[in-house]
Amino acid sequence: MGSPSLHVSRPGSDADILAAARQAGVEHVVLVSSITVQTNPHLGPAGENLVVEQLLKASGMAWTILRPTQFASNTPMWAASIRSRETVHAPYTETALPTIHPADIASVARVALTEPGHRGRTYALTGPEPVTARHQVEAIATALGREVPFAEISRGQARAQMAAVFGPEAADAVLDVTGGDVNHELLMVRETVSQVTGTPARSFQQWASENAHAFR
């Protein structure tokens with residue numbers, strides 16, 4: 001019998017990884033994709049994730065696809081500013097996305113790999129409530145027990161900073177899905193985590209409390 005495997009996209013060539021998994025006797029792969037495949041399919045990164053999903057479906061192995069929304073663990077990008085007691089800057093400060101705790105993605109993956117009924121399923125995953133960038137900073141401030149100054153910047157200002165790190169296409173895609181090109185499906189809270197795991201999805205406040213050390 002082959003062993004199950006959890007695969008997170010793009011640590012290397014996805015086609016090669018899938019081929020090696022099949023050759024090794026893997027029977028079931030859980031792929032962490034992105035909710036943008038269904039909410040913002042025109043974006044470049046969404047198209048890349050869709051290609052990997054299609055490779056997996058054509059691989060001959062059983063599959064489960066997870067499409068999480070924005071990760072709570074993206075916020076350490078503010079850590080240097082917070083540790084230095086500088087102002088945190090972000091665009092689209094009133095756009096509220098149902099940010100997901102990474103542990104909930106892992107919990108769904110565990111269930112999908114170890115319990116019956118999840119092969120051939122695609123799950124869109126979100127956190128339990130919409131949360132804005134402003135509220136994220138407030139939650140981090142609460143976890144730290146001190147104020148964290150926060151200010152909104154324009155898309156152009158944010159893009160200049162992000163493009164220098166991620167490149168212009170990725171910067172535009174991130175800015176679109178965090179405020180510039182949102183839609184009802186992207187903003188929707190889903191109950192998938194609790195339905196699959198039997199446990200309510202973790203809040204951003206819980207993530208901030210668990211990870212306050214990253215900002216001290």
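Modeller: Helices are DSSP runs of H or I with at least four residues, and strands are E runs of at least two, numbered from the N terminus. This is a predicted model, in which local features need pLDDT of at least 70 and side-chain atom pairs pLDDT 80 or more, while totals for chains, interfaces and linings use all residues. Residues are numbered from 1 along each chain, and side-chain values use heavy atoms, without hydrogens and water.

Biologist: How much space lies in the largest pocket, and which element gives the largest share of its lining?

Modeller: On a 1 Å grid over the protein atoms alone, a pocket is an open set of points where a 1.4 Å probe fits, with protein on both sides within 12 Å along at least five of seven lines, and lining residues have an atom within 4 Å of a point. Points are joined across faces, edges and corners, and the volume is the space filled by probe spheres set on them. Here the largest pocket holds about 1,400 Å³, and among its 45 lining residues Gln70, Asn74, Met162, Val174 and Thr178 are the closest to its centre. The largest share of the lining, 6 residues, comes from α8.

Biologist: Which residues touch the most other members of the largest nonpolar core?

Modeller: Such a core joins buried (under 20% relative accessible area, 1.4 Å probe, protein chains only) Ala, Val, Leu, Ile, Met, Phe, Trp, Tyr and Cys residues through side-chain atoms within 4.5 Å. Of its 20 residues, they are Trp78, Ile82, Ile140 and Phe204, and α6 supplies the largest share, 6 residues. A second, separate core of 14 residues includes Val32, Ile105, Val111 and Leu125.

How values were computed
Buried means under 20% relative accessible area, exposed over 50%, partly exposed in between (1.4 Å probe, protein chains only).
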